[in-house]
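Let's take a friendly walk through this model together. Have the coordinates open in your viewer as you read.

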Amino acid sequence: MRPVIPYVIAAALFGLGVYGVLRRRNAVLVLMAVELMLNAVNLLLVTANAAPLHAALGTAAPAGSPGAPGTVDAGALPFTGQAFTLFVIVIAAAEVGVGLAIVLQLYRLRGTVAIDDVRLDEHTPDAGPRAIMEAPARTGAAMGPATGPVR
């Protein structure tokens with residue numbers, strides 16, 4: 001397998017993820033697009049790490065056994081691409097946990113997960129979406145009946 005094919009697939013996945021982040025209005029879909037970009041980076045890291053190994057072995061397929069005659073010992077080459085991929089997977093898992101917690105709290109407070117409807121300059125009390133929507137307007141007419149002079 002030529003390393004050009006995974007590079008093109010990784011670029012397409014990353015571009016699709018960027019498009020999803022820039023065009024989506026739903027916070028959950030934005031998180032999914034970010035995960036797509038992280039997976040494209042994982043594919044790129046693993047491919048970039050495997051490409052020099054194939055060049056050193058002179059093969060287009062993964063090496064058979066490390067001890068085969070006429071081949072380079074695969075255990076002697078560092079697998080930094082795979083190590084970085086593991087770190088990216090751990091960071092992606094943490095990002096999913098924190099991102100979903102933020103999205104759930106946003107839904108509890110605002111009643112929607114649409115990113116365009118999020119106002120960052122105002123504070124909403126932690127009462128849930130129903131209390132916010134059903135709260136009476138605080139005007140003079142809505143305060144109740146006026147009390148007259150005490151008799």
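Keep in mind as you read that the model is a predicted one. Asn 42 sits in helix α2. Setting aside residues up to four places away in sequence, Asn 42 touches Thr 85, Val 88 and Ile 89.

## The chain as a whole

The chain holds 4 helices and 0 strands, and its elements follow the order α-α-α-α from the N terminus on. Of its 151 residues, 21% count as buried. Among contacts with a separation of 6 or more, 53% come from residues 24 or more positions apart.

UniProt, in an unreviewed entry, places the feature "transmembrane region" at residues 6-22, 29-48 and 83-104.

Now follow helix α2, which spans residues 27-57 and includes Asn 49. Is Asn 49 buried or exposed? Its relative accessibility is 15%, so Asn 49 counts as buried. The side chain of Asn 49 makes a polar contact of 2.3 Å with the side chain of Gln 82. Leaving aside neighbours within four places in sequence, Asn 49 is in contact with Pro 78, Phe 79, Thr 80, Gly 81 and Gln 82.

Ala 51 is another residue found in helix α2. At 18% relative accessibility, Ala 51 counts as buried. Which residues does Ala 51 touch, not counting those up to four places away in sequence? They are Pro 3 and Tyr 7. The C-alpha atoms of Ala 51 and Val 4 are separated by 9.6 Å, although the two residues are 47 residues apart along the chain.

## A residue of α3

Helix α3 covers residues 80-110, and Ile 91 lies in it. With a relative accessible area of 56%, Ile 91 is exposed, because that value is over 50%. Ile 91 and Leu 38 are 53 residues apart in sequence, and their C-alpha atoms are 9.4 Å apart in space.

Here are the accessibility values for the residues discussed above.

| Residue | Relative accessible area | Class |
|---|---|---|
| Asn 49 | 15% | buried |
| Ala 51 | 18% | buried |
| Ile 91 | 56% | exposed |

## The second largest pocket

Finally, a pocket to bring up in your viewer. The second largest pocket has a volume of about 150 Å³. Which residues line the second largest pocket? The lining consists of Leu 16, Gly 17, Tyr 19, Gly 20, Arg 24, Leu 29, Met 32, Ala 33 and Leu 36. Helices α1 (4-23) and α2 each supply at least two residues of this lining. Sorted by class, the lining has 6 nonpolar, 2 polar and 1 charged residues.

Technical notes: Residues are numbered from 1 along each chain as its sequence is written. This is a predicted model: local features need pLDDT of at least 70, side-chain atom pairs count only at pLDDT 80 or more; totals for chains, interfaces and linings use all residues. Side-chain values use heavy atoms; hydrogens and water are left out. UniProt positions are given in the numbering used here, feature names are shortened, and annotations may be inferred rather than shown by experiment. Buried means under 20% relative accessible area, exposed over 50%, partly exposed in between (1.4 Å probe, protein chains only). A polar contact is a pair of N or O atoms within 3.5 Å; within protein, one must be able to donate a hydrogen and the other to accept it, and residues adjacent in sequence count only if both atoms are side-chain atoms. Contact means heavy atoms within 4.5 Å. On a 1 Å grid over the protein atoms alone, a cavity is a set of points where a 1.4 Å probe fits but cannot get out, and a pocket is an open set with protein on both sides within 12 Å along at least five of seven lines; lining residues have an atom within 4 Å of a point. Grid points are joined across faces, edges and corners, and a volume is the space filled by probe spheres set on the points. Ala, Val, Leu, Ile, Met, Phe, Trp, Tyr, Cys and Pro count as nonpolar, Asp, Glu, Lys and Arg as charged, and the others, Gly among them, as polar.
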